[in-house]
Amino acid sequence: MTAWKCNRHSFWAQARLAGLMLASVLALAACGASPSSAPQAPKDGTGEFVVTPVKRTIAEEDLAYYSPQMKAIYQRGKLRVALPVADRNPFFYTDAGGMLTGSDVELAADMAAQLGVDVEYVRSAKSFEEVVNQVASGQADVAVSKLSATLPRAGKVLFSEPYLTLHQGLLMNRLAMARLGPASVDPVQRLRQAKVKIGVIAGTSYVSFAHLLFPRTETVQFATPQEAMDAAIKGDVTAIYYDELQLKQLLANNPGRSIDLQLHLLPDQVDPIAVAIPPQEGPLLAWINLYLQSNQARIDYLLAKYGVKAEHAR
């Protein structure tokens, strides 16, 4: 009897073990996983994404089938990424230790690693328009630099799918806006009907955006967002026209100025942020679009790490 009981317990223990193993196999099959499949985005011991991953290795026999433009990147061993000289925190900026950092800096490094090369930041452009020209002329392979995808720029370069969509906004002088009509009237309508001055940042997409949205106003270009804000406080311009993140950052850096200035977001006016690629490099564009599609969780993590709330256009 005792031996029978032991054998019975052994039988049920083995049965339970076999059942657990079968359940695990079925679960993997249902998810389309396999023991050898790599996760979409590797994580470290804390559950955070590993940025940058180990650089991918490209076999010589595979490289033979790559396009001439893609081969040139591998032969150079570097992905050249264009960035403007001026910081745009939190996307790209020099930290207190003198290191270049930011969400776009890390994104470009991760992109290069998955491509199988190192990253080189080309940071000589004095404006975003100059960044576009560097990519168009082949001085850089891509631009990952909070770059707005616009129709005029699309005549020079190819744009990836947006990896972030920002809303446009206005930072308005309260007294100046009060002179344009009652608060019940939409601020955009008040500005469009009046001959006033609106401040924009030189070399950004908002120069052309302003001509489209406010055709009757006079556009005044400033070198930096802070200079534009100072002009709005003085009343030299009625409002600043820029993206929501930069306008909110201006108010955060100048907390006492909310008395003088009012923030107004434009929910129907978006600013798609995308990667720029030289016009002849279709294979690289296809690769980057696939990278963006298959690494969305990693990109969202990077944006959140630097305080950017991701909103996608696709």
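**Reading side-chain features**

Author: Let us begin with burial: Tyr-206 and Phe-209 are both buried, where buried means under 20% relative accessible area, exposed over 50% and partly exposed in between, with a 1.4 Å probe and protein chains only. The model is predicted, so local features need pLDDT of at least 70 and side-chain atom pairs count only at pLDDT 80 or more, whereas totals for chains, interfaces and linings use all residues. Residues are numbered from 1 along each chain as its sequence is written, and side-chain values use heavy atoms, with hydrogens and water left out.

Reader: How many aromatic pairs are there, and by which rule?

Author: A pair of aromatic rings is described by the distance of the centres and the angle of the planes. Rings of Phe, Tyr and Trp (its six-membered ring) pair if their centres lie within 6.5 Å; planes under 30 degrees apart count as stacked, over 60 as edge-to-face and the rest as tilted. The count by this rule is 7 aromatic pairs. Tyr-66 and Tyr-74 form an edge-to-face pair, with 5.4 Å centre to centre and 75 degrees between the planes. Tyr-66 is partly exposed at 23% relative accessibility, while Tyr-74 is buried at 13%. Tyr-206 and Phe-209 are also paired edge-to-face, at 5.1 Å centre to centre and 85 degrees between the planes.

Reader: Where do Tyr-206 and Phe-209 lie, and what do ring pairs link into a cluster?

Author: Helices (H or I, at least four residues) and strands (E, at least two) are DSSP runs, numbered from the N terminus. Tyr-206 and Phe-209 are 3 residues apart in helix H9 (residues 206-213), so about one helical turn separates them. The cluster linked by ring pairs consists of Tyr-206, Phe-209, Phe-214, Tyr-241 and Tyr-242.

Reader: Which charged end sits over the ring of Tyr-242?

Author: A charge sits over a ring if NZ of Lys or CZ of Arg is within 6 Å of the ring centre and within 35 degrees of the ring normal. Here the charged end of Lys-146 sits over the Tyr-242 ring, 5.1 Å from its centre.

Reader: How many salt bridges does a search of the whole structure find?

Author: A salt bridge is a side-chain nitrogen of Lys or Arg within 4 Å of a carboxyl oxygen of Asp or Glu. The search finds 9 salt bridges. One of them joins the side chains of Arg-298 and Asp-110 (3.1 Å, N to O). Arg-298 lies in helix H13 (residues 296-305) and Asp-110 in helix H4, so this pair ties together parts that are 188 residues apart in sequence. Arg-298 is buried at 2% relative accessibility, and Asp-110 is buried at 0%. The side chains of Asp-243 and Lys-146 also meet in a salt bridge (2.4 Å, N to O). Asp-243 is in strand S10 (residues 239-243) and Lys-146 in the loop between strand S5 (142-143) and helix H6 (151-154), 97 residues apart. Both Asp-243 and Lys-146 are buried.

Reader: In helix H3, which residues are buried and which are exposed?

Author: In H3 (residues 68-76), the buried residues include Met-70, Ile-73 and Tyr-74. They cover an arc of only 95 degrees around the axis (taken from the directions from the helix axis to the C-beta atoms), which puts them on the same side of H3. Pro-68 and Gln-75 are exposed on the other side of H3. After H3 comes Gly-77, whose phi is positive, near 80 degrees.
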